[in-house]
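Work through the exercises below with the sequence and the model at hand. Each task is followed by its solution.

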Amino acid sequence: MQAQAEVLTTWNDVCHTDDLVTNSGVCVLLEGTQIALFKIQVDGNTQYFGVSNWDPVGQANVLYRGIVGTLQGNIVVSSPLYKEHYVLATGQCLEREDVCIQSYEIRVDQNRVLVASL
């Protein structure tokens with residue numbers, strides 16, 4: 001039996017949880033890449049998401065400025081340009097199967113928001 005190589009994730013401390021506005025986005029720069037971070041509260045539960053800030057349809061770094069909500073049972077951000085909806089957990093565009101944005105693993109430790117390495 002062959003042993004699987006363990007992949008160690010590097011976590012990057014990007015901000016304090018208080019730096020994020022509930023149900024809104026902020027943009028952080030990590031290793032030269034813009035990431036849209038979201039602190040979402042639904043039914044009293046707070047969740048954190050990170051996706052690429054690049055809107056592939058509108059061709060601009062704007063997703064942190066999008067409106068967040070739920071659609072088809074998913075927590076989404078609506079692009080401020082052409083209004084495509086991106087699922088925050090996966091990055092999949094709901095209107096176009098061929099469009100997806102990068103999603104990033106997020107965790108919170110002692111009120112610090114950490115993003116997994118790119």
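**Exercise 1: a salt bridge across the chain**

R112 and D13 form a salt bridge, with 2.8 Å between the closest N and O atoms; the term requires a side-chain nitrogen of Lys or Arg within 4 Å of a carboxyl oxygen of Asp or Glu. The model is predicted, so local features need pLDDT of at least 70 and side-chain atom pairs pLDDT 80 or more, while totals for chains, interfaces and linings use all residues. Residues are numbered from 1 along each chain as its sequence is written, and side-chain values use heavy atoms, without hydrogens and water.

Task: state which strands hold R112 and D13, and classify the accessibility of R112 and of D13.

Solution.
1. R112 lies in strand β12 (residues 112-116) and D13 in strand β1 (residues 11-16), 99 residues apart, and the pair links distant parts of the chain. Strands are DSSP runs of E with at least two residues, numbered from the N terminus.
2. Buried means under 20% relative accessible area, exposed over 50%, and partly exposed in between (1.4 Å probe, protein chains only).
3. R112 has 30% relative accessibility and therefore counts as partly exposed.
4. D13, at 45%, is also partly exposed.

**Exercise 2: the salt-bridge count**

Task: how many salt bridges are there, and how accessible are the partners R96 and D98?

Solution.
1. The count is two salt bridges.
2. R96 and D98 meet through their side chains in a salt bridge at 3.6 Å, N to O.
3. R96 is partly exposed at 35%, whereas D98 is exposed at 62%.

**Exercise 3: the acidic residue E84**

Task: is E84 buried or exposed, and which residues does E84 touch?

Solution.
1. E84 is in the loop between β8 and β9.
2. E84 is buried and has no salt bridge; the nearest side chain of opposite charge, R96, is 5.2 Å away. For charge, Lys and Arg count as positive and Asp and Glu as negative, with His and the chain ends not counted.
3. Leaving out residues up to four places away in sequence, E84 touches D55, V57, V77, S78, S79, C93 and E95. Contact means heavy atoms within 4.5 Å.

**Exercise 4: the sheet beside the loop**

Task: in what order do the three strands of the open sheet stand, and which residue is the bridge partner of V77?

Solution.
1. The order is β7-β8-β9, with antiparallel pairing; strands pair if DSSP finds at least two bridges between them.
2. β7 (67-71) and β9 (85-87) are at the edges with a single partner strand each, so one side of each has no neighbour in the sheet.
3. Strand β8 (residues 74-78) pairs with β9 over three bridges.
4. Y86 in β9 is the bridge partner of V77.

Methods: Helices (H or I, at least four residues) and strands (E, at least two) are DSSP runs, numbered from the N terminus.
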